[in-house]
Amino acid sequence: MNVPRELKYVKTHEWLNYLQADKVRIGISDYAQEALGDIVFINLPAVGDPATAGEPLFDLESVKAVEDIISPVTGEVTAINEKLLDHPELINADPYEAWLVEIGEISGSEELLSAAEYEALLAEEE
Amino acid sequence: MKLLFERSREGHSAQHLPQTQLSGYSLPEQLRRCRELRLPALAETEISRHYTELSQQVHGVNSGFYPLGSCTMKYNPKIDEQIASLPGFTGIHPLQPVSTAQGCLEVLDRAGQALCEITGMDAMSFQPAAGAHGEFTGLLLIKAYHQARGEGEQRTKVIVPDSAHGTNPATATMCGYTIVNIASNAAGGVDLDALRRAVGADTAALMLTNPNTVGIFDPNILEITRIVHEAGGQCYYDGANMNAIMGLARPGDMGFDVVHLNIHKTFATPHGGGGPGSGPCGCKAHLAPFLPADQVTEAADGYRLERPAQSIGRVKAFFGNFLVVVKALTYIISLGAEGIVEAAETAVLNANYMKKRLSPYYHMAYDDFCMHEFVLSLAGEKSRFDVSALDVAKALMDHGMHPPTMYFPLIVPEALMIEPTETESKDTLDEAIEAFIAVQRQLQADAASLRQAPQATPVRRLDETQAARRPVLTYQEKEL
């Protein structure tokens, strides 16, 4: 399972890439895309939407299920990866290249895990 | 197989109309068709064979075992159809004077009384067209109730456990509520501490299925509804799994304020496209003033239709899917009070029999006794043999049965959810058990072959991903 060292993770299987101290890019981990199976639809939020750490921000749909994406941070959506709207399969192809949203003006976050801590969590779930 | 348009041959026809006596007609040029109507030309035999062939491509309750968990695919007795075909039921119009439709109103009244008795509710509306619509109606009642008490602004949250049907959060969202998701405990029930933390002055309702989607009856149910009521919230009972407890336990006695029922599950009316569905919504007396218009009431001069005092209005035209209610009432009367209980008990017995016999071969998600359905997990097979729940479901089709529900509930990885229902004999259950065992043996011996299943169905593996990403939703004319 691919777990890039430079990223942070949360236990709900999203990854975070801090672009600035208060701005982060978010995606789902390799484990999450594998567990979901082929993703067929993504329901991205709008730029300007508020995000609350630990609460659903938007959802995506795979051949198996519709899954909530839990916002790992509190802030405001500053960008969405519009390309994914027509090509959700990019998430399966490379979940770390296919970022989902950017959140800015961050004022709080869930407990963040390092790559090593996230790998330990995955080993536990196996 | 060929489609009707592909079978079409010029000159073939099922209608032989006499030559017209008219010498011709004149229409303004702009009203005339500029090309032939695109209808297939077929003889009656060809049409008949086409539809018969189509009917042979599918698997239904009439063709074999259908253990689709959470859907209660029980057999639909033919007498229900006979009664619903009586001209007194089919020949009515919803706008005719009520004095001339007393028999039909009596059906609604008697069915309502029976369902109130079974659920422990005080009033029932038959307007909702199916389960999710019944949920929507139920939450609208709760919303109207909070608004009438001046707490509409304050109560903005609906609590939903993570084992819930996806329709629960969808319904609450449709009604403008925010969802609070709470995790299940290790036994598959509601985590009481998580519930206590979640409730408060902003709680509008808890939505719960009991027995829940992993087939577990929550032993803390009275405490659960008490916690919600003490916070000022209402308790909504999702009737999806009512088949396990009908005649034995009542949501009203568990502390629930509103229920919906899936008549096409519990009360043996057809599912899906052949239905239609029916999702009556019942409530306790304090919510009855908000029920949709119109409600049937009995007066000295017969049945009447009345709009409840603070009605939320109509959620569907007239009385919902009336003929489905006729079928359900027929089913309830056919079974009687003892039969209803026996059906629920047999549904639970059948599920436990299959679970027990399959336990040596498959990993059960929860060890304890189940209610009417059970969930097994293929997570172990997935990591050891790279065979998924999907592969096992496909392989079961080669044994002449419908596969169980897959990948639901979401809290169990690689889930298969099996609900045999009470209408299957022990022989059918034994055959299905042998099929499950054969598939497990095939999996261990030759995992690759399982990934090629099914082999014996009219179509093999369809590209489900492309069907969702790039669906072709209309007939693609090759040439015209």
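This is a predicted model: local features need pLDDT of at least 70, side-chain atom pairs count only at pLDDT 80 or more; totals for chains, interfaces and linings use all residues.
Trainee: What is the strand order in the open sheet of seven strands in chain B?
Mentor: The sheet is open, and its pairing is mixed. Neighbouring strands are turned by 25° against each other on average, direction ignored. The order is β1-β7-β6-β5-β4-β2-β3.

Trainee: Which strands of chain B stand at the edges of that sheet?
Mentor: An edge strand here has a single partner strand, so one side of it is left without a neighbour in the sheet. The two in question span residues 123-125 and 178-182. They are β1(B) and β3(B).

Trainee: Which residue of β6(B) is the bridge partner of Tyr236(B)?
Mentor: Start with strand β5 of chain B, residues 234-239. Four bridges join β5(B) to β6(B), and the two run parallel. For Tyr236(B), the partner in β6(B) is Val258(B).

Trainee: On the other pairing, which residue of β7(B) stands opposite Val259(B)?
Mentor: β6(B) pairs with β7(B), residues 281-283, in the antiparallel sense over three bridges. One of the partners there is Cys281(B), which bridges to His260(B). Opposite Val259(B) stands Gly282(B).

Trainee: Are the residues of β6(B) that point either way buried or exposed?
Mentor: In a regular strand the side chains alternate between the two faces of the sheet. Val258(B) and His260(B) point one way from β6(B). Val259(B) and Leu261(B) point the other way. On both sides, these residues are buried.

Trainee: What angle does helix α5(B) make with β1(B)?
Mentor: Helix α5(B) covers residues 102-119 and packs on the sheet. It touches β1, β6 and β7 of chain B. Its direction makes an angle with that of β1(B) of about 120°.

Trainee: And at what angle does helix α6(B) run to β6(B)?
Mentor: Helix α6(B), residues 131-148, lies across β1, β4, β5, β6 and β7 of chain B. Relative to β6(B), α6(B) runs at about 165°.

Trainee: Where is the kink in helix α12(B) centred?
Mentor: Look at the span of α12(B), residues 322-358. The end C-alpha atoms of this 37-residue helix are only 41 Å apart, while a straight helix would reach 54 Å at 1.5 Å a residue. There is a kink of about 100°.

Trainee: Which residue of β13(B) is the bridge partner of Thr405(B)?
Mentor: β13(B) covers residues 415-418. The partner of Thr405(B) is Met417(B).

Trainee: Now chain A. Which are the edge strands of the open sheet of three strands?
Mentor: The order in this sheet is β4-β6-β7, and the pairing is antiparallel. An edge strand pairs on one side only. The edge strands are β4(A) and β7(A).

Trainee: Which residue of β7(A) is the bridge partner of Leu60(A)?
Mentor: Strand β6(A) spans residues 56-62. Five bridges join β6(A) to β7(A), and they run antiparallel. The partner of Leu60(A) is Glu67(A).

Trainee: Which residue of β9(A) stands opposite Arg25(A)?
Mentor: Arg25(A) is in β3(A), where it is the bridge partner of Asn17(A). β2(A) and β3(A) pair antiparallel over six bridges, and a hairpin joins them through two residues. Three bridges join β3(A) to β9(A), residues 101-109. There, Arg25(A) stands opposite Glu102(A).

Trainee: Is Ala46(A) buried or exposed?
Mentor: Ala46(A) sits in the loop between β4 and β5 of chain A. It has 8 other C-beta atoms within 10 Å. The cut-off for this class is 12 or fewer. Therefore Ala46(A) counts as exposed.

Trainee: How many charged residues are on the side of chain A that touches chain B?
Mentor: Eight residues of chain A are in contact with eight residues of chain B. By class, the chain A side has four nonpolar and no polar residues. The charged residues there number four.

How values were computed:
Residues are numbered from 1 along each chain as its sequence is written. Chains are lettered from A and ligands numbered from 1 in the order in which they are written. A residue is buried if 20 or more other C-beta atoms lie within 10 Å of its own, exposed if 12 or fewer, and partly exposed in between; C-beta atoms are placed from the backbone. Two strands pair if DSSP finds at least two bridges between them. Two residues are in contact if their C-beta atoms, placed from the backbone, lie within 7 Å. Ala, Val, Leu, Ile, Met, Phe, Trp, Tyr, Cys and Pro count as nonpolar, Asp, Glu, Lys and Arg as charged, and the others, Gly among them, as polar. The expected span of a helix is 1.5 Å times one less than its number of residues. The bend at a residue is the angle between axes fitted to the seven residues ending there and the seven starting there. Axes are lines fitted to C-alpha atoms, for helices over the stretch in contact, and angles run from 0 to 180 degrees between N-to-C directions.
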